[in-house]
Amino acid sequence: MDWYMMNCELLATCSALGYLEGDVYHREPDCLESVKDLIRYLRHEDETRDVRQQLGAAQILQNDLLPILVQYPQDKVLFDAIVRLMVNLTQPALLCFGKVPADAASRHHFLQVLSYLQAYKEAFASEKVFVVLSEKLYDLLQLDWEQRQEEDTLLIERILLLVRNVLHVPPDPTEEQGVDGDASVHDRVLWALHISGMDDLLKFLASAQVEQQWALHVLEIISLMFRDQNPEELAALGQGPAGAEHGEDTRELETLRQRELAEKRARALQRPSRHSRFGGSYVLQGLKSIGDRDVVFHKGLHNLKSYSHDLGKEPQRVPRRRQAAPESEPSHRSARNVRLFLRHFCQDFLEGCYNRLMLLVKDQLVREKAQQHDETYYLWATAFFMAFNRRRGFRPELVSETVSVRAFHFIEQNLTKYYEMALMDKKEATTWAHRMHLALKAYQELLRTVQEMDRSPEQAVRDSSQVIKSNIFYLMEYRELFLTLFRKFDETKQPRSFLRDLVETAHLFLRMLERFCRGRASLVVQSKRVRRKKKPRAPAAFTPPPPSTAELEELWAGLAPQLQACLEGKVPLPEDVVPFDAASETPVEEQRAEALLRIQGCLRRSQVPQALRLLRSARDVWPEGDVFGAADAGPPEETRLLREILVAPLPRNPPPEPEEPEDEEEEDEEEEEETVQVSEKEFNFLDYLKRFACAPVVRALVLLLRGYARNSPRTNHCAARLLHRLARDLRMEPLLFQLSLFALFHRLLSDPAAGAHQELVALAKFILGKFFALAATNKKAFVELLFWKNPTAVYEMTKGYSSLQEGEGAPKSRVPPWTPQEEQELRELYWKYKEVEGEDIIAAILAHLPTAGRTRRQVVKQLVRMGLASSARDFPRERKGTRIVLWTQEQEEELTRLFEEFQGSDDVLGNIMKHLTARRSRARVVEKLLGLGLVSERKELYKKRRRKSHGHGPGMAAAGVPGVPAQDSSAEDEDSEEEEEDEEDEVEEGPMEENWAPEEGAGQGLAQRLHQEGLAGPLRWLENCLRRAAGDREEDGVSHPVPLVPLTEENEDAMEDRRFQSLLRQLGLRPPASEQESFWRIPAALTPQQLRRAAASVTHHGPDPSGSPRDLPGPPKCPQDPGPEQLPAELGSDSESEEPVPVPVPSPVQSGTKRRRELDSEDEDGGNSAPSPLPPPTGPGLAPAAPCSEEDEEDEDPQPRGRRKRVRCLEEEEEEEEEEG
């Protein structure tokens, strides 16, 4: 598409703006509407920015918008619309496209928009335009805040944005190729801005108290104004005679002239006095050509030094990803009058605006009121204006806002953030490197300012610098910063200028630190050590065996007198014992279990006062269920509770078993525990300097010195001084024995202008002398030139290559080396057991390896190292349960025999699992039984649960009435892991809970006991829910499961009570069937008559328990005992409002309820032989709630036991099915 052929609608709109006749612009009547239409067109342009390109090609801004702006500033509405349109047209190309496009077509559009922006910037280099903008901005700023309307504030912001957009346009390198001192387009824009007085308005906005909201806008505009300037050169402008300003240029010209004269003299010496008509041919002995003969040279002898095998070859093209990062700093020097006005602007800004503006910007950055990455303007301003102040005369009070420890901390934080983002965000690494460079410059200038404060004649300023240095040298983060940046320097992402500033800053930091240490006898600094411990490889903690019953009884006999003294108040109880931590991430129910363990631990350590205080505090935190005793428990009750906690087998979390990683890949992915240990130590400067003695630092310094001819003298001095510190101060001269550095030395020594680099020449001669002295005794030194070295290699080069192996400074290896004999034996064993099927080859090798002490990991790594295996994944560990896959004929016959034997029992599958010889999962056994045709469906293998006869109460069962078969009780005493899994199967898979209907009077005795214990309110709520559900089912004629949703805290606590849940089970209500359900439900199978009978069972029969005597507990009632008539539910009661919600609630299970159920089930898993850790209290006035039989306990359990074991078994079965599949 030809962008010069405009869209017809766009062309008509532009034609309706007006026309230019000479210097006068005549606007059309529809000019304002046309401007609004253009704004609307720009809002709906496509991704190629077609409207923007067409307007740029037609030069609408140059020919129409700017003349309208200049000639009609009094039309406020039109002026506002024109400014809006120009702000849109001049916005940066990066904002239009998001980023620099990668594909060619989009990149072409990007460059086209950029070219139009450069044309716009040239049009804005007019005094008339900036005079109009300045006058309009001045009039708006004259308005008080109460007179300023919202449109006035928007116009101020748009004018500032327009100035920002114009200054942001980058220069065109093809158009601006003038020498330094010529006025570029950017200089002409700055001069127009200065002539119009816009710079004074910017200083006013930066200093006015009522204009704080424009702080970041002003700082951004100022940073763009000084984009091409060097602060030190700007500060030196106008100091001394005019010729002194060009001192740097004069020195550079003198260096080039000396180099040219030296080359001319060298050519004169090489050229023979008598010209030869024939160049001649020569044989270079000892220098082989492509074949075996010597090289034949066909040129004159004066060209011999320039001979190379690479002559005539095309240079190899460097891939784009390996090319050095381009420099972002311009090298243009502005015109003198522009630099003079900028210097005066800097002086005025420092004296009246800098501290206040930087404070406002820092506050907005800290409070996150600014936009993303606006901190880069703050970093730039810190570096620029502090450098100008230091070079201009150094007045520390002018930059006091940014000379502090807080400023160091802020810059170090941003520098670290940019560094980490450059490592993670690979696509935008160049952008992050540029931001990192800005932060590094600010950090460098802070150090230079502190160094300048040391030279101040005022004692207070010198004391402030000492305080700052004490803080930054004490913290480890500031000392480790330069090491990190050196080690992660990447020349493809970071430009050479970043390396230059890094070397200069590191040199300055080392010099300041050395002088700081020199004036003190000792320096104590902070040290942080990160300890990483891998969880799987952590050694298993030794758990002592639990004490026996006799030992606990003996311990209790010794604790009884001390406990009696504490209960009588003779021994004070500690006050700092807290059983509950509200800020902890541990759930409340788990903290309750931990409180029990803490009480038991205190008792077993004979800490009776702490145990008693923990018990009472835990009773206040967890009063529900009387787990830690009743609220009014006396000394006898507390004594009994403490004794029961002491002897109770409380479940403890076993430590994780150590597992050796299979290979190196898995070891890298292991979860690690990091602990940071902060300590203080005495600082040694030489030990800190040794940290720089590594290959990355030396490689970066050599890379910087390759451009020594282009570097400034200060840069070369800093790099040479760092190399001198490593070689001379640390006595590690072999660290610099590297071929690339020697090639640099050769180029330096043969340079005719080497006289300008005397420090580098001296360093080169020193290093070369040390090398040849070492080469006289160590013939391998020439080979060592090919490798970068570390301190270990340096030590071996100077002391001998066997010195470290003999233990003279190197730590002994934990893994013994493999001898040739052991490698041969390993190879033979590998080939011997490689073809054996069904056997772990590594286990077989370890069993027959003569050398003891080898681990599986060592053998696998050695096999990979010897080339017998490609990786450690070739030897996977054998997983549990994967070996037994197929059923043999004997195993099938055994399974058939066991099925026929236990076919009539209550638990067919459980008995088969107990007596099966080969250990298999339950899923495999069920699948085989179905495959053999012994059962037709899985229901036949469910455990048959026998419910107690409701004709016998708890008291009759306790007296020996045969409510439950005796073998069931004995079987419960011998409950095992398999039976726990069976019970889980019954709840999750068996349909008996849904279709089971309660008998008349079921749960009546338990309801009476719960009523006596204070659960009258929840019982009335349950009764109303049952009656309302019955009425709804009679009215609608349709039955749906109705969830019981407790809306009060009392009812919610009751729903979590185990005895209340047991009552719900007896009434036929269904617990949450899966993790997707949270509430108990009234099953759909219950008829209205059954629901009314269940409601009558929970109705209270008898007088108020508050009037009954509380000395003796009442006898438990039998469910069949007749009671008084059913009491109707009161209308308007609280329980009446708590209606069952007929809509299923798909919220997840409440975490607290689930954890409490798991905790209670774990307490029961401890076995029935030992006493329960915390039985329900049976104090005065409380009826015992003991169940009739073992199966009653099983019915009352709100959640099947063995939950976690069952889940673990199911996961193992799924893994086995995936492997076999």
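This report describes the overall make-up of a predicted model, then helix α7 and the surroundings of Ala-383.

## Overall architecture

The predicted chain contains 53 helices and eight strands. Of its 1221 residues, 45% are buried. The accessible surface amounts to about 66,100 Å², and carbon and sulfur atoms contribute 51% of that area.

Contacts across the sequence can be described by separation. When pairs at least 6 residues apart in sequence are considered, 75% of the contacts link residues at least 24 apart.

## Helix α7

Helix α7 spans residues 104–123, a run of 20 residues. From its first C-alpha to its last it reaches 29 Å, which is close to the 28 Å expected at 1.5 Å a residue.

The buried residues of α7 are His-109, Phe-110, Val-113, Leu-114, Tyr-116, Leu-117, Gln-118, Tyr-120 and Lys-121. An α-helix has 3.6 residues a turn, so residues three or four places apart point the same way. The cover over the buried residues of α7 includes α3 (50–57), α4 (60–71), α5 (76–89) and α6 (93–97). Helices α9 (150–168) and α10 (185–195) are also included in this cover.

Ala-383 is part of helix α17, which comprises residues 375–392. Its relative accessible area is 13%, so Ala-383 counts as buried, the cut-off being under 20%.

Beyond its neighbours within four places in sequence, Ala-383 is in contact with Lys-441, Ala-442 and Glu-445.

Conventions. Residues numbered from 1 in each chain as written. Predicted model: local features only at pLDDT ≥ 70, side-chain atom pairs only at ≥ 80, totals over all residues. Heavy atoms only, no water. Helix = DSSP H or I, 4+ residues; strand = E, 2+ residues; numbered from the N terminus. Buried < 20%, exposed > 50% of the residue type's maximum accessible area, 1.4 Å probe, protein only. Contact = heavy atoms within 4.5 Å. Areas by Shrake-Rupley, 256 points an atom, 1.4 Å probe, with all protein chains shown as cover. Expected span 1.5 Å × (residues − 1).
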